[in-house]
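Dear colleague,

Please find below the structure that I am handing over to you.

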Amino acid sequence: MLQIIGTAGLFFTGALIMRGAGCAINDLWDRNLDPHVERTKFRPIARGALSPQKAILFTGTQLLAGLGVLLQFPTQCLWYGIPSLLLVTTYPLAKRFTNYPQVILGLTFSWGAMMGFPALGVDLLANPDALKSAAALYSSCVAWTVLYDMIYAHMDIKDDVAAGIKSIALRHEHNTKTVLSGLAATQVALLAAAGVTAGAGPMFFVGSCGSAILTLGAMIWKVQLKNVQNCWWWFNNGCLFTGGGITLGLLLEYLAQTFGLFEKEELKTEAFPSPQ
């Protein structure tokens, strides 16, 4: 259990650091676009409070700190972690060339779902079941990210048109809730597939998958896409509702397997390492 707690702590630290680095890179790429968008015009680089040179120095410091965290994991994690930098540095360009930059963002933000396996000593290339579970979990997180960022993008629709920025919200402005519903169904289905492949029990499917269905359904039903403040509220809080429910379900499943609350003849796979 101590290994799980320690690994989770490192992932949390790494996520904070790399989120900061990713935001800095995004603001550097968008320094000529942000002044034209109401929500972003007061960002440090956009308003001239921070020079691009200082922002690059800050980003380099963040990346070095992220590397320091990455080096605390097994060496195999390096081969999984370093390629993600390509996505981090190129995501901001996607909004200039495609209506679906949120997909690139999802591929970037969800990378930790793949990293968790080698971090706990699971070799994905040597374990087909673990690879299937990791792929399903990663894809589920991608769908989830696209869903939330689509709501986020609705806050900037008018400014994006004027600035020439592309987004999924603009592309599907007139059928957004249909797309959101499809993304939610995809996210939950893939999350369940990850659980099936990993041999998860009732706590995961009821807690994680069940809560995701309820929270995502409530958000899609209630969000007012034409109301900037309402979109912001759901973007900020909706992820906590869904993420909290998924995390609680995973924790309960882990405890159930650790203390044998649900007897099983045999786990279907060894995708996840034994909690013992």
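Domain 1 and domain 2 bury about 1,900 Å² between them, with 69% of that area on carbon and sulfur atoms; buried area is the accessible area (1.4 Å probe) that two parts lose on being put together, summed over both. Please note that this is a predicted model, in which local features need pLDDT of at least 70 and side-chain atom pairs count only at pLDDT 80 or more, while totals for chains, interfaces and linings use all residues. Residues are numbered from 1 along each chain as its sequence is written, and side-chain values use heavy atoms, with hydrogens and water left out.

Domain 1 covers residues 1-72 and domain 2 covers 81-260, the bounds coming from an automatic or database domain assignment. To the contact (heavy atoms within 4.5 Å), domain 1 gives 20 residues and domain 2 gives 24. The centres of the two domains, taken over C-alpha atoms, are 20 Å apart.

The whole structure holds 6 salt bridges, each defined as a side-chain nitrogen of Lys or Arg within 4 Å of a carboxyl oxygen of Asp or Glu. Across the interface of domain 1 and domain 2 there are 3 salt bridges. Arg 39 pairs with Asp 156 in a salt bridge, with 2.3 Å between the closest N and O atoms. Another salt bridge joins the side chains of Arg 96 and Asp 30 at 3.1 Å, N to O. Arg 96 and Asp 30 are 66 residues apart and link distant parts of the chain.

Yours sincerely

Terms used:
Helices (H or I, at least four residues) and strands (E, at least two) are DSSP runs, numbered from the N terminus.
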